[in-house]
Amino acid sequence: MSTKKSDRRTEILQSLAGMLESSPGARITTAALAKEVGVSEAALYRHFPSKAKMFEGLIEFIEETLFTRIHRIVQDEEDVNKRLEVILFLVLSFSEQNPGMCRLLTADALAGETERLRVRIAQLFDRIETQLRQVLREADLKQNLRPVMGSNACANYLLALLEGKIRQYVRTEYKTKPLQNWQEQWQAIAPTLMIGRA
């Protein structure tokens, strides 16, 4: 793929993310997106065969950004509570910095779009939950700790916290930021998650 074509694809995706952010609750049309990018609708379709593919491009960006960093966190951090803290902070800070992407993460922008996109978002959250569960299970082997409520329940609880904060961000039209009060909340939650093996 030529650099010019790659740059145009990136520009289209950035414009789409910007429109998702600046028009909370609004449906994005290809006509409006083409106008935003400064090209014809036909030109948009030369880079992406459908609007669904444009949304998929953004979802791929989210997946690549989050899971590359989560993998690094798991490699670099030994302590289970620190691993959990850094993973949760990563997802929340990514969300805060990318408000338009949050409309994808909550599926708010996917109403009326192909079911495949909603499935892809569900799979993204499933992967985050699986990663949290893995961290919790490894705590037993590496630190002789176990989650108070079991690794499945604990991973699901932490995922629900993430999803709730992201949804609140979208619902309040980006006024209540995901990291708002997070330090105090995490300091209260963290000590209750794990107990030592007897």
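Ser15 counts as buried because its relative accessibility is 14%, where buried means under 20% relative accessible area, exposed over 50% and partly exposed in between (1.4 Å probe, protein chains only). This serine sits in helix α1; helices (H or I, at least four residues) and strands (E, at least two) are DSSP runs, numbered from the N terminus. Setting aside neighbours within four places in sequence, Ser15 is in contact with Leu33, Glu36 and Val37, contact being heavy atoms within 4.5 Å.

A word on what is being looked at. This is a predicted model, in which local features need pLDDT of at least 70 and side-chain atom pairs count only at pLDDT 80 or more, while totals for chains, interfaces and linings use all residues. Residues are numbered from 1 along each chain as its sequence is written, and side-chain values use heavy atoms, with hydrogens and water left out.

Stepping back to the whole protein, there are nine helices and two strands, and along the sequence they come in the pattern α-α-α-α-α-α-α-β-α-α-β. The C-alpha atoms fill a box of roughly 65 × 35 × 25 Å, taken along the principal axes. Of the 198 residues, 45% are buried. The accessible surface comes to about 10200 Å², and 49% of that belongs to carbon and sulfur atoms (areas come from the Shrake-Rupley method with a 1.4 Å probe; for residues, only the protein chains shown count as cover). As for how the chain meets itself, 70% of the contacts between residues at least 6 apart in sequence join residues at least 24 apart.

Now for the inside. The largest nonpolar core has 62 residues, and Leu84, Leu104, Ile128 and Trp186 touch the most other members. Such a core is a set of buried Ala, Val, Leu, Ile, Met, Phe, Trp, Tyr and Cys residues joined through side-chain atoms within 4.5 Å. The elements that give two or more residues to this core are α1 (3–22), α2 (30–37), α4 (51–76), α5 (80–97), α6 (99–105), α7 (115–143), α8 (151–171) and α9 (182–193). With eleven residues, α4 gives the most. Ile128, leaving aside its neighbours within four places in sequence, is in contact with Leu66, Phe67, Val91, Leu159 and Leu162.

Helices α5 and α9 pack at an angle of about 145°, their axes 11 Å apart. Here the axes are lines fitted to C-alpha atoms, for helices over the stretch in contact, and angles run from 0 to 180 degrees between N-to-C directions. From α5, the contact uses Asn81, Leu84, Glu85, Leu88, Phe89 and Leu92, and from α9 it uses Trp182, Gln183, Trp186, Ala190 and Leu193.

Most residues other than glycine have a negative phi. Glu173 counts as partly exposed because its relative accessibility is 46%, and Asn181 counts as partly exposed at 42%.

Glu60 and Arg120 are 60 residues apart in sequence and 9.5 Å apart in space, C-alpha to C-alpha.
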